[in-house]
Amino acid sequence: MSNPATVHLPPLPYPEDALAPHISSDTVALHYGKHHAGYVSNVNRLVAGTPREGTPLEDLIVTATGGLFNNAAQVWNHTFYWRSMHPEGGGEPSGALRAAIEGSFGSVDGFWKKFSDAACGHFGSGWVWLTAVGDDLEVMATANADLPQRHDRAPLLTIDVWEHAYYLDYRNARPAYVERWIENLVNWEFAAANLAAL
């Protein structure tokens, strides 16, 4: 009997059309159903019949290298990205998260300026994160599949700046995607829960 698949494609936390009009159902269907699902398939293919088969995804993203790391990290990153958004997102953080943001960036607006600048200015494909390191919060950009755990930081929130995340809806206007994401989709409750779990 073969081992169970190492990773599975988790369900979206909302219907495919729930993020519209900011992110269309066509984008979500392609991004989730093709890209995210493709990374899941690749991980399972790469570990099949090896000692890594059945290894938890959280272990793969900190120990794997090469193609296995790239695909495992992209499974993790995309799962985290979907949860970083909410159909009724946007607005302002509150409580301990707001206090931490103000303590590290001076204000919520100061944080958003740094986050937006990093997301709009990131060269090529990658991710921009709100992370925790010790008692401080930082904005961190990573290239390709890289993620904060490989740099001793705890992720709280992320935006995907690979072109497949926005090109159908915004073409090459990444700043418009970033602005709409910040104003309408950011899931503060998810970020707050991640901070509280540290």
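This is a conversation about how several descriptions of one predicted model are reached.

Modeller: Residues are numbered from 1 along each chain as its sequence is written, and side-chain values use heavy atoms, with hydrogens and water left out. Since the model is predicted, local features need pLDDT of at least 70 and side-chain atom pairs count only at pLDDT 80 or more, whereas totals for chains, interfaces and linings use all residues.

Biologist: How do you know whether the radius of gyration of the protein chain agrees with that of a compact globule?

Modeller: The radius is taken over C-alpha atoms, and the globule rule is 2.2 Å times the number of residues to the power 0.38. For 198 residues a compact globule would have a radius near 16 Å, and the protein chain has 17 Å, so the value agrees.

Biologist: Why is Asn187 called buried?

Modeller: Buried means under 20% relative accessible area, exposed over 50%, and partly exposed in between (1.4 Å probe, protein chains only). Asn187 has 12% relative accessibility, and therefore counts as buried. This residue lies in the loop between helix 7 (174-184) and helix 8 (188-196).

Biologist: What does the side chain of Asn187 reach, and at what distance?

Modeller: The side chain of Asn187 reaches the backbone oxygen of Arg83 at 3.0 Å. A polar contact is a pair of N or O atoms within 3.5 Å, where within protein one must be able to donate a hydrogen and the other to accept it, and residues adjacent in sequence count only if both atoms are side-chain atoms.

Biologist: Why are Asn144 and Asp152 placed in separate accessibility classes?

Modeller: Asn144 has a relative accessible area of 43%, so this residue is partly exposed, whereas Asp152 has 69% and therefore counts as exposed. Asn144 is found in the loop between strand 2 (136-143) and strand 3 (154-160), and Asp152 is found in the loop between strand 2 and strand 3 as well.

Biologist: What makes a set of residues a nonpolar core, and which members touch the most others in the largest one?

Modeller: A nonpolar core is a set of buried Ala, Val, Leu, Ile, Met, Phe, Trp, Tyr and Cys residues joined through side-chain atoms within 4.5 Å. Of the 61 residues in the largest one, Tyr177 and Trp181 touch the most other members. Helix 3 (residues 66-83) gives the most to this core, with nine residues.

Definitions and conventions
Helix = DSSP H or I, 4+ residues; strand = E, 2+ residues; numbered from the N terminus.
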